[in-house]
Amino acid sequence: MFFPKHKSQHKPARIRPAPHPRQGFSPPWQTDSEQALDTVVIRARNREERLQDVPIPVSVVTGRELERDHAVNITDFARRTTNVQAAELNSRRSSVSIRGVGKNVNGEEYEAAVGVIIDNVFQPYVGASWTNFADLENIEVARGPQGTLLGKNTTLGVLNISTRKPSFTPSNTVELTVGERDLRRIQGTLTGPIVDEVLAYRFSFFDEKGEGSIKNSNQNDSTWYDRDRSGARLQFLLVPSADVSARIILHHSRARENINMSPPVEDPATYLDGSARAISFSSRLGRDWFGNYSPLLDKFKVDANYVTPSKDDQNGISAEVNWELASHTLTSITAYKDNKFVADNDFDTTRFDIRRGGGARTDQQQFSQEIRLSSHPGEVIDYQVGLYALYNAFDLSSHTPYGADAGAFYASNAQYSTLNTSAAGRELLGASLNNVYTIQKKKPETTSFAAFGQLNWHLTEKTTLTAGLRQTWEYKKNTWEFVELGQGADLDALGASNGATAAQIAAAKAIRAAQTGASAKYGAERSIDDRSTATSLLLSPSYKLNEDTLLYASFARGVKSGAVSWNTSDGSPNVTEPETALDLELGAKLALLNRKLILNVNLYATDIRDFQTEQIVPDANTTTGTRNIIGNAKKVTLRGLEIDGAWSATNTLTIRFGGAINHARYDSYKDAPCPGDLTASPPAQCDYSGRTLPGAPKYSFNLGADYRKPLGNGLVFHAHVHDNYASRHNVALNLSDYGEEDARHLTDVGLGIGAASGAWHLGLYAKNVFDVEYAVDASTFSGNSAVTKRWGDRRQVGATFRVSF
């Protein structure tokens, strides 16, 4: 059937273009109220489009708003977008979730369901988001499966981060911030031409230091959750002709921070069923070996003797080349990145020599190449097709060292009684784990290839059908080795020399065996691999009812990669099946009140099959009789309503809002891990079918107001407030009762004055102004640990001075 050419409702003439590299940027205290609210431009489909013309539920926060609000990390970003949660635990365990689903398991073998893209480069490792982000153009959160265009493992959505490009107009900006807990941050940007009209550069940097909110009573000069991070980004924009442009980005970031601490907050004497606990964290430390010590159980104070910063170093380079070919654009994106992470943790959180450091050492490297051909909009059909290749590899080692007090702590009551009766027994007790350590090594690798395409078929002036397909081929390999290196003292020889009894020698050896397991028998290095294919689909009709109303629907299929891993208790392999999401969206994008009010509404229904999550299976080789693995819950369902909007109330006041009603639950999950706090003899498996997923509040919303008023004499006053709400939800992966978090509001405020020209600005701000205490992660008690919680950011009050020249 032939369709004549016509002017589509999606024609590029309606798109407000992004600033040209030769143009400057507005000061961050200016708001979008000076513009029509429906002119926001996004790149959710790899091209500049007006937000209101894109049939996808998208939240956008501009760089100006982020700078104004001092939003510099993924936690800040999540609090300003709809139906998004984030947890920054460390470089290995940062995660973003959309609609209650993100990276719900730990381990480098397992990938996220929410993609992170930085300057058009997909980031397969969660550690890429462990940094400050400065000099941003905007962030976009596209919800729902985005796999046909925006990379692998984007079954729930994408966090798309864009930095500002080099400009041919010289501009320099420096910002100084000071605040509570000795916060000191400096960041700046320099940009301008190297060769007029041909080559420009942009250099951005930041350096931030500050004390943490967790005090250490054992070392008064140390804190946890502190800040000691810096980074730099150098860009070049080459425009050799009107048809070719290239953007090259080099970046580096580092962090040296005390971050791996979840303070013990509670150690109940009974299980949840009321029965008494025979042994606990407190009772172990209450032994006379430790001087009948009572552990410190406090939200924001610990009593630790081992304080060594975790180290994170990231380096990357990318090159994006765009070549205009008549009615098409050919794009090549080549990228490399590495991330090195070293953690030395105080696992026991006490002043005693039990676990002297240890943790993970991760060395990650990724290479990617994307080739994309895009037709220009304006014809009956416009499209994008491309090829994508990714190699992502980890060299991971996990270190577990023990100290002179470890034997007395980890001994059972019977073992302790046997060894504590004589000097010889106590010597064996101390030697049982002293200087013993184990190292486990893993090398997970992923090689991924994909072919993809997406088209918009403009059936009429008002009707468009969008269809997309992505086919992915993957090869995964995981090499594993468990090495016991630190043997400690020869317990048989020590017992023979000091006159210990046979029972005492046996007890000391049993303490050691319980902690080191059967690692010595695992043998040489071994490998497992797996090959798979995955198909992502999209079918989305949209209808432009009038200039101010877009209606759309979409059906999408997204696939998250499976994984190959190892069971560390016995060295057996474990293969986790891919996770498949089927998603239906119904939405409307409206411009009302003469386009002073933007209201976007979206309904969604998502079914996730073979949801990757933690499970417990029987294992006779462990002391508990079970072991944890990553398996597949049969089905998870997501149902909800999302709203995004903005209202230009007056020429000086803009209101922005977003909210969601989200039902995220396990529809079928009969082999879930039972929390150890239920009873002295919990069942091996629990049925979580019908329960809400962890980290998935039913109700959430964002509400912000920005006021800007010219004062005359070339001055401008501004003030803003932003509130983020989440209803009661559980932050423990195993849904323990101790992970329940009450509903909370997190409120940020700020005000300031500056030159209307943008030459300078002075502002005051407060993040979490009411100092709300809230946890982002929790774990229940066990026989050797208390209930622990990882806390969100406390109140931060500060002042900022910015100058541009």
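The charged end of R284 sits over the ring of F409, at 5.7 Å from the ring centre. A charge counts as sitting over a ring if NZ of Lys or CZ of Arg is within 6 Å of the ring centre and within 35 degrees of the ring normal. R744 likewise lies over the face of Y774, 5.3 Å from the centre of that ring. This is a predicted model, in which local features need pLDDT of at least 70 and side-chain atom pairs count only at pLDDT 80 or more, while totals for chains, interfaces and linings use all residues. Residues are numbered from 1 along each chain as its sequence is written, and side-chain values use heavy atoms, with hydrogens and water left out.

F409 also belongs to an aromatic cluster, together with F281, Y402 and Y410. Rings of Phe, Tyr and Trp (its six-membered ring) pair if their centres lie within 6.5 Å. By this rule the count comes to 20 aromatic pairs.

Now to the helices. Two packed helices are described by the angle between their axes and the distance between the axes. Helices here are DSSP runs (H or I, at least four residues), numbered from the N terminus. Their axes are lines fitted to C-alpha atoms over the stretch in contact, and angles run from 0 to 180 degrees between N-to-C directions.

Helix α6 covers residues 423-431 and packs against α7 at an angle of about 160°, with the axes 10 Å apart. The two are therefore roughly antiparallel, a term for angles over 145 degrees. Contact (heavy atoms within 4.5 Å) is made by A424, E427, L428 and A431 of α6 and by L491, L494, G495 and N498 of α7. By class, these residues are five nonpolar, two polar and one charged. Here Ala, Val, Leu, Ile, Met, Phe, Trp, Tyr, Cys and Pro count as nonpolar, Asp, Glu, Lys and Arg as charged, and the others, Gly among them, as polar.

Helix α7 (residues 491-498) also meets helix α8 (residues 502-516): their axes come within 10 Å and cross at roughly 155°. α7 and α8 are therefore roughly antiparallel as well. On the α7 side the contact uses L491, D492, G495 and A496, and on the α8 side I505, A508, K509 and R512. Four of these residues are nonpolar, one is polar and three are charged.

The remaining pair to consider is α6 and α8, whose axes come within 9 Å and cross at roughly 15°. They are therefore roughly parallel, the term for angles under 35 degrees. G425, L428, L429 and A431 of α6 touch Q504, I505, A508, I511 and R512 of α8. This contact divides into six nonpolar, two polar and one charged.

Terms used: Parallel < 35°, antiparallel > 145°, perpendicular 65-115°, else oblique. Phe/Tyr/Trp six-rings, centres within 6.5 Å; stacked < 30°, edge-to-face > 60°.
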